[in-house]
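Please guide me through the reading of a protein structure, one feature at a time.

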6 protein chains.
Amino acid sequence: MARPVTLFTGQWADLPIEVLCKKAVEFGFDGLELACWGDHFEVDKALSDDSYCAKKRDLLERHDLKLYAISAHLVGQAVCDRIDARHKAILPDYIYGDGDSDAVNQRAIEEMKNTARAAQKIGVEVVNGFTGSRIWPVVYDFPPIPQEMYDEGYKNFADSWNPILDVFQECGIKFALEVHPGEIAFDIYSAEKALQVLDNREEFGFNFDPSHLIWQGIDPVEFIRYFPERIYHAHMKDASVTLNGRTGILSSHLRFGDPRRGWDFRSVGRGGVRFEEIIRALNSINYQGPLSIEWEDSGMDRDHGAREACQFVKNVDFAPSSVAFDAAFEKP
Amino acid sequence: MARPVTLFTGQWADLPIEVLCKKAVEFGFDGLELACWGDHFEVDKALSDDSYCAKKRDLLERHDLKLYAISAHLVGQAVCDRIDARHKAILPDYIYGDGDSDAVNQRAIEEMKNTARAAQKIGVEVVNGFTGSRIWPVVYDFPPIPQEMYDEGYKNFADSWNPILDVFQECGIKFALEVHPGEIAFDIYSAEKALQVLDNREEFGFNFDPSHLIWQGIDPVEFIRYFPERIYHAHMKDASVTLNGRTGILSSHLRFGDPRRGWDFRSVGRGGVRFEEIIRALNSINYQGPLSIEWEDSGMDRDHGAREACQFVKNVDFAPSSVAFDAAFEKP
Amino acid sequence: MARPVTLFTGQWADLPIEVLCKKAVEFGFDGLELACWGDHFEVDKALSDDSYCAKKRDLLERHDLKLYAISAHLVGQAVCDRIDARHKAILPDYIYGDGDSDAVNQRAIEEMKNTARAAQKIGVEVVNGFTGSRIWPVVYDFPPIPQEMYDEGYKNFADSWNPILDVFQECGIKFALEVHPGEIAFDIYSAEKALQVLDNREEFGFNFDPSHLIWQGIDPVEFIRYFPERIYHAHMKDASVTLNGRTGILSSHLRFGDPRRGWDFRSVGRGGVRFEEIIRALNSINYQGPLSIEWEDSGMDRDHGAREACQFVKNVDFAPSSVAFDAAFEKP
Amino acid sequence: MARPVTLFTGQWADLPIEVLCKKAVEFGFDGLELACWGDHFEVDKALSDDSYCAKKRDLLERHDLKLYAISAHLVGQAVCDRIDARHKAILPDYIYGDGDSDAVNQRAIEEMKNTARAAQKIGVEVVNGFTGSRIWPVVYDFPPIPQEMYDEGYKNFADSWNPILDVFQECGIKFALEVHPGEIAFDIYSAEKALQVLDNREEFGFNFDPSHLIWQGIDPVEFIRYFPERIYHAHMKDASVTLNGRTGILSSHLRFGDPRRGWDFRSVGRGGVRFEEIIRALNSINYQGPLSIEWEDSGMDRDHGAREACQFVKNVDFAPSSVAFDAAFEKP
Amino acid sequence: MARPVTLFTGQWADLPIEVLCKKAVEFGFDGLELACWGDHFEVDKALSDDSYCAKKRDLLERHDLKLYAISAHLVGQAVCDRIDARHKAILPDYIYGDGDSDAVNQRAIEEMKNTARAAQKIGVEVVNGFTGSRIWPVVYDFPPIPQEMYDEGYKNFADSWNPILDVFQECGIKFALEVHPGEIAFDIYSAEKALQVLDNREEFGFNFDPSHLIWQGIDPVEFIRYFPERIYHAHMKDASVTLNGRTGILSSHLRFGDPRRGWDFRSVGRGGVRFEEIIRALNSINYQGPLSIEWEDSGMDRDHGAREACQFVKNVDFAPSSVAFDAAFEKP
Amino acid sequence: MARPVTLFTGQWADLPIEVLCKKAVEFGFDGLELACWGDHFEVDKALSDDSYCAKKRDLLERHDLKLYAISAHLVGQAVCDRIDARHKAILPDYIYGDGDSDAVNQRAIEEMKNTARAAQKIGVEVVNGFTGSRIWPVVYDFPPIPQEMYDEGYKNFADSWNPILDVFQECGIKFALEVHPGEIAFDIYSAEKALQVLDNREEFGFNFDPSHLIWQGIDPVEFIRYFPERIYHAHMKDASVTLNGRTGILSSHLRFGDPRRGWDFRSVGRGGVRFEEIIRALNSINYQGPLSIEWEDSGMDRDHGAREACQFVKNVDFAPSSVAFDAAFEKP
């Protein structure tokens, strides 16, 4: 039995959800992973309007699309970040307000609690998202960073997220951090540290996404092996390392899509991620969730790409063996 | 004729300069690249005390050590950075003061002007250093960064450094930015952009240092080829990429020396830099300056390393050919 | 004209041959390579029951499945091996008997003679199989092995197999050793030696199988080039080398399927074998036989895999060119 | 909108064009790139017979095949080459005549002028072809070559081709040199030099063909990036490097198809060219022309290959993105 | 402070120890690792003759050679192995006796106990050696091996060695298994299993030797990181992987030195082991013991090799840093 | 016993031989390989002046320099080449004359006969050199080359060289072709063909030179293994492949030393040749001749390079083992 293949709606938030449902069906998807922005999934309405979740469910069911997770990357980012002009563009006004950093952090914390409540209401078990980070801007250790500055960054993370995760616990929901540059965890050892400072509480795990790991030189299979109990959701997203001696892995303050970058995102199957190995690793930890395509490729038409990505993931996924091969050689 | 091999004193600022002179001679060095911190080279005293530079020169001459450049990385960093607790540890009190960010930037600008004046006084032609950067903390493009934010970062750089470079011009001194994460230029294309926003003024060039390039995937030889007219000084420093599937190139908020990092600095000759190719590239652009060892290796005793690094660089350096080989086949 | 694609039935011996025929047809196969175990092909019945072969043939023909070879790996293994508990599980009782090593060897020799006779009866020209080996257990040369011990191992092989091959000769059948760890030949030079000690008699050749070569670091194309006259049959089987610094190529006494192994078998097309190059090499030696899929992948459902493997092999196979391209540029 | 996929008819010149049209349609092609030999496109007839071009056009239209370019590799080769026995086989008699080198060069020049006129008549904008070269035979610099000999080679090229290109200019046609061993330009720097000696006149550009670049160690993507304004046509042709320690890249005076060569041409998609990256590079320079398959693989049946190559190129081609992904994260 | 460099005497057992002492001094060694065979170190005499150890010590001291460990590879091998003709050549007669396998195993067990006692007497803390193995001969899993067969192999190991290790414990001596094909542990996971079945008792650890790991594809640095508490001794020995498409990693029953092998031992510094990284890893686990050269290279004169290997290891070894580099940037 | 290290004088022909002798001694060489041009070794004088050879010998002996071979690359080149302006610069006037190609070929043939006679006179056993080639200029197979053209090229070689080799045979001298682009043999398979057309006569063998092989992708060790009986002399010369995506292996008609080339010669030890493996291969075929450094590096001072190359080769050379290591483990 292959896994369901879903489409993360974040890169399509410019489209009304009804339009996107039609496309997703036509592309071959089995379900959606709803972004908590655009009109895809609105946390405030879900809590204030008792019919909101039912209508969403109904819409999806009419298109025969499943729902396994919702995603709150943008508000999650505002929980630990120092807030600046960039956040204004991605946050709802009722979160951003006057933009005072501490106040935005506080409102984001409350919104994340509500997101857990809304998730419970619409009946999913996982919320994907970002955490933000106080210490990401000092990722390169110069000027020399005292160890306490790192420690404070992790402490701010724990202090901000523990109250949120308490509500997740009450609601029976998991939070799955997409390990990603800019977040408190962006690679294996920073993810391990993040778990440590939360005392490994079970509400917190990861939305596995190989595209953020491979350009850092990390083997995505190792990530799965390192955290076999904490893969709560999985993104299928691809990236390509395009180092040629002149390009650099930090990409020169250049936008995605610029060929002078040292890496870029790619339509699933056209980059460097070895999905074959990832499926085997997910099989070996007995991951039962969906394979959710986060589609992003600055060089390809979006509709063309989503369609072929869906087909690609369905081809590469497979069910594990139920036969011991040695046994086949034995006498019946 | 091989090039002189000098020792950058920045990693030895805990030692009085007299002690370091003795060591450098004993290690085999031909000269020093004086750091503008510790008691190695003090800009304020150089300007206020007319005998200061003469005494320094005298000290070096007694040890038969040459001086080709001074280095102002720490104050340079404070010119464009937003100032925080990390800067307090690296700046003189008369620059850091109360730590107000704008005011520190301004004092750093004035100090850099004075550094040019002090360089002229002691008779070197190059000041190496850092620039700081407003936009380094947003090196990863999320939350999405409007192009204007990048543009403002480069403009801040130009606005801050043009007045400094005017003084460099008056004094006949070059500023050589060590291209390095955390600075306005950290790879080839960001360096190209930095030159552009300064209208390619000649006072501004680069202190070539391969150790900051190789872990980014950049070929140091390409850097030299890309900016053949702008290599004003050269550091010999090594680094090793230690990716193994679990380590990441962003190094997980771990300190230098931690084996879980994805790269680290190495004693010259024990890392991944191909110095053979670098010497050939420096020959091909006719670089005439010193080869200055910036020695840093968290895993090796400093004295042991500096000695072997000096020998290594002397072995790898060589003079270009003055014979056309084809000619040798011809009739005399 | 592409080659026929057959399914080796060894990994499906738990299924009755009738069930397997249906599956094979449905998966897209053109024929079967019958294992001489399970009820797939029973040498004793083929010789004792005159209708046995006709019924088998009839069964296959009803399913429109061709038969090119039968395979006697298990009894072949017992010809040269010192016998122990492992052999009990894979041998028919009438071969294993009381398990006395010399006696089992002798009965296996007789059974292999009979296998040639049975092959003739059912009308195939090739019997694939194993040989066993006295010297495989000392493959690593410690404690130091006197050259005579190797020589005796090869001599035992020749002494045991020459009488068998005499019967093969009488029956007009070839024996095709699947070069494989545990056998007298497991790589190129041991295969060359095996041919030597048999004085290159024509009855003995190889069942080419790339999956046993690639993890040993051997290029399967070189194997084909080295023995262009001796490729009597070809298995399409894939394997993947999964070395990551901790895993080892000898695989730590771990079972197939354990991710801590240094290599493992893979569904055809999902491992490291470059089948494109193998088809070209088979074309260049003018190999005319079937491409027989030996399907084994501890991580994938067997039915899913056999189907996609069949399609994969049909896609990768192609007929050689019959046009000289230079000629096309010439005047008509 | 994907690009049209055409078939270059050069390797099928043994077939009458009518036969080839039927095949091309059946293989799935959108158009043809007509070779100026065989009966595919005859320059002399096109100029002398006013109905010739109309009939060709009509033939193609009846098969619903487009025409974007014609190709004059063979006569072009005779423009700069010293003529020998090899040219007799590839030239029409009215060009080769008595084979006197200077005279053949002169007749080839006139024929190339006529080819531009014929191109205009049949209504294409590009003529692909070769140039020949005086200095190709001394590609290895021994006996030592005086710089003047190279200079004379490039001058001969400019002197021979400028009059031809004058006619191309008059007719509004581009000449697209297929950069290829044996021609005045065979790699990036020789192509750059060829443009220089023509003062970069616009009539002269390149027919990009990756198969001639990869075995030279050149990245085809770099070629596109180096000459973004000069890619006038694009061949999809594949090649495989088959170095194994004994084979050499100069291929030992062995014919295509001999497995002892160090490289060989391959059916598109079965060699080493990374077409994914090439499509992205063509997108980034906004190349709008056809993707023309030059099919050549000494190891594969021609019809089988052309069919799968056509499908392969259609799968790998894609339209560029029209959405900025960062925007999708912003509030609607 | 660099580590002492010692010479393992096993490959020189044809020379009287007095002769070897002179050579070792002349080659530059700081000490010896005495083999318990030849006249180098005789366990029976050490226990029976009270002056034996004092005389050995005296001999070494006269040559200014240190002693850190003795090595009992040959008798250790006989503890778990099934005994055959190969063992006769390497065992003393009083151990081999009539060669009955169980009896030899038992005598070997007693001798290993005595070896611990002798080690205590001569005043070293480590005995290096082999263990033998019941399951090494079935290292390739065919015929299919029931899990119980592996389990019995490890149990035999524990049952045989626990009584030996009890005596090691009484004597305050460690046993350091050289992880090596043919032993109960030959790679990382089999070493982990061996520790498990001994309940991780402290008397049992490893003699790290990279030459047996690299050809298996294992990174020796990973071995050190995996068992940081269990590296009781370290061999400096090199090997080279010589795969070329025809050679295989299992080496075709060919002797060391045959160029058709897939790997071979090499004089230290002339193979593929990256000793630089090994020294850093040994530094990171704070390994304080000697670096003992086991010299073996079938292609090089032994005296020539030992001399250059000694110099090589002295050059590559270095003391760890005692300075924090970040600190050097701070104000004094 | 290490081999003597000699200096090939071809690249120093601008210096009088007396001057070069002094330098060679000072650089550390054991002998010279005299070029038959400049005043190093003049074939005409050697034959016409009976004291010439004695004086040369005397000169060398005074400097304690050995002589093992003389080298006639330039005249040898003129034996098969079509002659053009390039040859005028490298040939003596009495060979070049009026430059008529056939006549020069003939005079070169006579001179090569005389070279054998002169070699006999001065008492060396090997003449190194080139052969020239009719078919080198058509090394790339376009325009399509009929097989007969290749055949004629090899026939011209055999016809031209057999009479020369007859004289070599009479004089007891070997001719050692330096396998090299531009010659009848430039890689393994063309060398094999050259031997074939000479019926493998013993007078003809090879001057092994790895620098011409590695950039063609050929493993120099394979060359030695392929022709174990025909390595009559060995050059130690290095080269570096400098492909970076833009450079090409055919090097764009650019001179040695231009960084845009795809490969270049390098001072021995600073390129890509693995001399360690070459020494082992020469040991395995029991090559007893000198190691002769042909020094050429357009980027390095000639004197600096020759000195370090001499030291490098002395370090890398070593005597083979005379001990069987397994034996050392056995009982004395």
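The dialogue below takes up backbone angles, a helix, a site in the chain, symmetry and cavities in turn.

Q: What kind of model is this, and how are its parts numbered?
A: This is a predicted model, in which local features need pLDDT of at least 70 and side-chain atom pairs count only at pLDDT 80 or more, while totals for chains, interfaces and linings use all residues. Residues are numbered from 1 along each chain as its sequence is written, chains are lettered from A and ligands numbered from 1 in the order in which they are written, and side-chain values use heavy atoms, with hydrogens and water left out.

Q: Which peptide bond of chain A is cis?
A: Most peptide bonds are trans. The bond from A:Phe142 to A:Pro143 is cis, with omega near -10°. A:Pro143 belongs to the loop between strand E4 (126-129) and helix H8 (147-171) of chain A; helices (H or I, at least four residues) and strands (E, at least two) are DSSP runs, numbered from the N terminus. In chain B, the bond from B:Phe142 to B:Pro143 is cis, with omega near -10°.

Q: Is B:Ser252 buried or exposed?
A: Buried means under 20% relative accessible area, exposed over 50%, and partly exposed in between (1.4 Å probe, protein chains only). B:Ser252 is buried, with a relative accessible area of 3%, whereas D:Asn200 is partly exposed, at 41%.

Q: Which residues of helix H1 of chain A are buried?
A: In this helix, residues 17-27, the buried residues are A:Ile17, A:Leu20, A:Cys21, A:Ala24 and A:Phe27. Seen down the axis of H1(A), they fall within an arc of 130° (taken from the directions from the helix axis to the C-beta atoms), so they line one face of the helix. Their cover includes strand E1 (5-8), strand E2 (31-35), helix H3 (52-62) and helix H13 (302-316) of chain A. Just after H1(A), A:Gly28 has a positive phi of about 110°.

Q: What is D:Cys21 in contact with?
A: Contact means heavy atoms within 4.5 Å. Leaving aside neighbours within four places in sequence, D:Cys21 touches D:Leu32, D:Leu59, D:Leu60, D:His63 and D:Leu65. D:Cys21 lies in helix H1 (residues 17-27) of chain D and is buried, with a relative accessible area of 0%.

Q: What rotation superposes chain D on chain F?
A: Two copies of a chain are related by a rotation about an axis and a shift along it. Here a rotation of 180° with 0.0 Å of shift along its axis superposes chain D on chain F (RMSD 0.0 Å), by least squares on the C-alpha atoms of residues with pLDDT of at least 70 in both. The two copies are therefore related as by a two-fold rotation axis. In chain D, the C-alpha nearest the axis is that of D:Pro137, 2.1 Å from it.

Q: How many cavities of 30 Å³ or more does the search find?
A: Rolling a probe the size of a water molecule over the atoms shows where empty space is left. On a 1 Å grid over the protein atoms alone, a cavity is a set of points where a 1.4 Å probe fits but cannot get out, and lining residues have an atom within 4 Å of a point. The search of the whole structure finds 11 such cavities.

Notes:
On a 1 Å grid over the protein atoms alone, a cavity is a set of points where a 1.4 Å probe fits but cannot get out, and a pocket is an open set with protein on both sides within 12 Å along at least five of seven lines; lining residues have an atom within 4 Å of a point. Grid points are joined across faces, edges and corners, and a volume is the space filled by probe spheres set on the points.
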